[in-house]
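Subject: Structure handover

Hello,

I am passing on the structure we talked about. Please open it first; my notes on what turned up follow below.

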Amino acid sequence: MLIKRPSDIRSSEITDKQLYLDRRQFIRAAGGTAVAAATGIGLFSGAEGLLEAAQPAPHGRKLENIQKSPLSVDEKLNKWEEITTYNNFYEFGVDKDAPSYLAKNLKTETWTVAVEGECARKASYHLEDILKGETLDERVYRHLFVMARSMVIAWVGFPLANFIKRCEPTSKARFVEFTTTLNPSQMVGQRQPFLEWPYVEGLRMDEAMHPLTILVVGLYGEVVPNQDGAPLRLAMPWKYGFKHIKSIVKIRFVEKQPLNTWQLQASNEYGFYANVKPTVDHPRWSQASERRIGEFFKRKTLMFNGYGDQVASLYAGMDLKKNY
């Protein structure tokens, strides 16, 4: 199968969100379909999808008995409208606004997660079983995308470590591998070879067990919207956004380091760890400063995204330029 390299991905991938919206307004004004075909925009979405502007997710079901986490940062939150219209979710297209109108068809009822590999309790768990007995925390985390765009988001979830313990991994389980659902009929981006599908990510066991690593089921006190990774995703605030795998359907405990999707796609640019390291440039751009969505001025990018006091010990003695 032909796999596109990052250099082949459209310039929209490195374009500011407002320019995306301006471009779509131009398409509508010019008559839409013919212009879209000429520019190659939305090759997988169909003309009806091309003419829809980015729309924030409608507010959904409220989650109950949420407690505030002491691990939260005290910073101004991004707006719901920003968080639900600016998403890296290639399963719905490479444009940042594409998930806001293409993810609405994803069906998340009766969701199950298969647990496999080096553990005692292999099973297919319904989402309700995964949540059973868990206390949901609201975690206000900094969230940094590759290409130095950032947000501050109030996730709702619980420590991944809790679920790992319930699965009873064996002594051979050194890594945890995660897989996104494969459903091209609902995830229209999977009809195109932007990446090798399904999307796969992984963590070292100690990273997965860290208190900052959470399984997310909500956003701002509500069930997490489709475009933000419904119904179950990861959040690890010291790592770049592509590590935060969405719509998880499989968790596998393995002995060897798994090959994650972006390593497979471009190993010279994206490694296994994806820790935020502002002193080490990406091959095609600097990560020394970031621009928070909704702000004009840039700010200095912090080592480990500002979580160094909590996570730096995980990487003691490692060459963080080599282990990128």
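Glutamate 269 is buried, because its relative accessible area is 14% and the cut-off for buried is under 20%. Arginine 284, with a relative accessible area of 39%, is partly exposed. Please keep in mind that the model is a predicted one.

Other salt bridges

The count of salt bridges comes to 13. One of the salt bridges joins the side chains of lysine 68 and glutamate 138, at 2.5 Å from N to O. This pair links distant parts of the chain, since lysine 68 is in strand 1 (residues 67–68) and glutamate 138 is in strand 4 (residues 137–145), 70 residues apart. How do the two partners compare in burial: is lysine 68 buried or exposed, and is glutamate 138 buried or exposed? Lysine 68 is exposed, at a relative accessible area of 64%. Glutamate 138 counts as buried, at 14% relative accessibility.

Aspartate 137 and arginine 139 also form a salt bridge, and their closest N and O atoms are 3.5 Å apart. Both aspartate 137 and arginine 139 are buried. There is also a network: Glu75, Arg142, Glu290 and Arg292 are joined into one by salt bridges that share partners.

Strand pairing

Strand 2 (residues 112–117) pairs with strand 3 (residues 123–126) in the antiparallel sense, over 4 bridges. The two strands form a hairpin, with 5 residues between strand 2 and strand 3. Within this pairing, valine 115 has alanine 123 in strand 3 as its bridge partner.

Strand 2 also pairs with strand 11 (residues 248–254), here in the parallel sense and over 4 bridges. The bridge partner of glutamate 116 in strand 11 is arginine 252. As background, side chains in a regular strand alternate between the two faces of the sheet.

Cavities

There are 2 cavities of 30 Å³ or more. The largest cavity has a volume of about 100 Å³. Which residues come closest to the centre of the largest cavity? Of the 13 residues that line it, they are Asn87, His143, Phe145, Arg233 and Lys246. Strand 4 and strand 5 (149–159) each supply at least two residues of this lining. The largest share, 3 residues, comes from strand 5. Sorted by class, the lining of the largest cavity has 6 nonpolar, 4 polar and 3 charged residues.

Methionine 209

One more residue to look at is methionine 209, found in the loop between helix 8 (205–208) and strand 8 (214–219). Methionine 209 counts as partly exposed, at 28% relative accessibility. Leaving aside neighbours within four places in sequence, methionine 209 is in contact with Ala161, Ile164 and Lys165. The C-alpha atoms of methionine 209 and asparagine 162 are separated by 8.2 Å, and these two residues are 47 residues apart along the chain.

Regards

Conventions: Residues are numbered from 1 along each chain as its sequence is written. This is a predicted model: local features need pLDDT of at least 70, side-chain atom pairs count only at pLDDT 80 or more; totals for chains, interfaces and linings use all residues. Side-chain values use heavy atoms; hydrogens and water are left out. A salt bridge is a side-chain nitrogen of Lys or Arg within 4 Å of a carboxyl oxygen of Asp or Glu. Buried means under 20% relative accessible area, exposed over 50%, partly exposed in between (1.4 Å probe, protein chains only). Contact means heavy atoms within 4.5 Å. On a 1 Å grid over the protein atoms alone, a cavity is a set of points where a 1.4 Å probe fits but cannot get out, and a pocket is an open set with protein on both sides within 12 Å along at least five of seven lines; lining residues have an atom within 4 Å of a point. Grid points are joined across faces, edges and corners, and a volume is the space filled by probe spheres set on the points. Ala, Val, Leu, Ile, Met, Phe, Trp, Tyr, Cys and Pro count as nonpolar, Asp, Glu, Lys and Arg as charged, and the others, Gly among them, as polar. Two strands pair if DSSP finds at least two bridges between them.
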